[in-house]
Amino acid sequence: MGEKKKKIIKSIKIDLDKCNGCRACEVACSAFHAAPKYSSNNPARSRIRVIHEPLRDVYVPVYAGEYAKAECLGRDKYVIDGKEYDECGFCRASCPSRDIFKEPDSALPLKCDMCEDDPPQEKPLCVQWCLNDALIYEEREEEVEEEVKLEDVEVGMESMIDKYGLETVMDTLARISASKKDEA
Ligand code: SF4
Ligand code: SF4
């Protein structure tokens with residue numbers, strides 16, 4: 001058992017009745033996480049996606065969760081107000097079965113980090129820009145076991161190793177690092 005420590009638990013409550021599918025949350029998230037910050041926006045790079053079907057008229061904001069190396073053995077399907085949604089439609093995982101929650105160029109996994117970045121934000125960007133108040137930010141203090149937090153770069157490396165194998169990734173890194181040293 002790890003050591004217990006006090007931790008602020010951050011959560012975002014989603015009020016589906018208030019979401020109108022404007023996708024401002026997607027734009028704000030992708031702009032905040034662009035490098036440099038706010039230099040571009042592309043909803044495909046957002047860590048929140050609004051799932052909707054034009055003919056079914058329910059909008060469901062879904063936050064990017066953990067990277068999953070393999071697909072689940074089962075599938076889920078939701079029926080809301082009598083309208084059936086796609087298989088795995090509201091799953092939060094960045095997994096091999098679909099393109100959502102992956103960087104469109106590199107296919108590296110995306111995960112919501114609650115905008116814990118510089119400059120610190122009083123509320124996550126998606127909450128700030130949801131003018132309909134469909135996203136409600138909440139904080140509470142809890143005693144939890146100490147955990148090791150993986151940075152984006154570590155999650156990305158893990159997914160590259162899963163895809164290409166450790167040896168290929170190590171060889172590539174060695175080659176790139178040698179060429180960077182030559183350039184310096
Ligand atoms: S900004 Fe708010 S209302 Fe607009 S799509 Fe996102 S959650 Fe829905
Ligand atoms: S909390 Fe921040 S990182 Fe997470 S979806 Fe909202 S804007 Fe993106």
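**The largest cavity of the predicted model.** The largest cavity has a volume of about 90 Å³, the volume being the space filled by probe spheres set on grid points that are joined across faces, edges and corners. It is lined by 14 residues, of which C19, C22, C25, C130 and A134 are the closest to its centre. A cavity is a set of points, on a 1 Å grid over the protein atoms alone, where a 1.4 Å probe fits but cannot get out; a pocket is an open set with protein on both sides within 12 Å along at least five of seven lines, and lining residues have an atom within 4 Å of a point. The lining of this cavity comprises 9 nonpolar, 3 polar and 2 charged residues. In this classification Ala, Val, Leu, Ile, Met, Phe, Trp, Tyr, Cys and Pro are nonpolar, Asp, Glu, Lys and Arg are charged, and the others, Gly among them, are polar. The model is a predicted one, in which local features need pLDDT of at least 70 and side-chain atom pairs count only at pLDDT 80 or more, while totals for chains, interfaces and linings use all residues. Residues are numbered from 1 along each chain as its sequence is written, chains are lettered from A and ligands numbered from 1 in the order in which they are written, and side-chain values use heavy atoms, with hydrogens and water left out.

**Ligand 1 and its shell.** Ligand 1 sits in the largest cavity, in the sense that more than half of its atoms lie within 2 Å of the grid points. Around the ligand are C19, N20, G21, C22, R23, A24, C25, V50, P61, C130 and L135; a residue is taken as near if one of its heavy atoms lies within 4 Å. By class, this shell contains 8 nonpolar, 2 polar and 1 charged residues.

V50 and P61 both belong to the shell of ligand 1, and V50 stands opposite P61 in β3. Strand β2 (residues 48–51) runs antiparallel to β3 and is joined to it by 4 bridges, where pairing requires that DSSP finds at least two bridges. Strand β3 (residues 60–63) is covered on both faces, with V60 and V62 buried on one side and P61 and Y63 buried on the other. Buried denotes under 20% relative accessible area, exposed over 50%, and partly exposed the range in between (1.4 Å probe, protein chains only).

**Ligand 2 in the second largest cavity.** A search of the whole structure finds 2 cavities of 30 Å³ or more. The second largest cavity holds about 70 Å³ of space, and ligand 2 sits in it. The cavity lining consists of I12, C29, H33, R47, I48, Y63, C112, D113, M114, C115, P124 and C126. Its composition is 9 nonpolar, 1 polar and 2 charged residues. Ligand 2 itself is surrounded by residues including C29, H33, C112, C115, L125 and C126. The shell of ligand 2 divides into 9 nonpolar, 1 polar and 2 charged residues.

**The second largest pocket.** This pocket contains about 470 Å³ of space. Its lining has 25 residues, with E103, L108, P109, D152 and G156 nearest the centre. Helices α3 (152–164) and α4 (166–183) are the elements that give two or more residues to this lining. Helix α3 provides the largest share, 7 residues.

**Backbone geometry in the loops.** The peptide bond from A35 to P36 is cis, with omega near -10°, and P36 lies in the loop between α1 (24–32) and β2. D118 and P119 are likewise joined by a cis peptide bond, with omega about -10°; P119 is in the loop between β5 (83–84) and α2 (125–129). C88 is a residue other than glycine with a positive phi, near 60°, and C88 belongs to the loop between β5 and α2. C88 counts as buried, at 15% relative accessibility. F101, also not a glycine, has a positive phi near 60° and is placed in the loop between β5 and α2. F101 is buried, with a relative accessible area of 1%.

**Overall fold.** The protein has 4 helices and 6 strands, assigned as DSSP runs numbered from the N terminus: helices are H or I of at least four residues and strands are E of at least two. Along the sequence the pattern reads β-α-β-β-β-β-α-β-α-α. The C-alpha trace spans about 60 × 40 × 40 Å along its principal axes. Of the 184 residues, 29% are buried.
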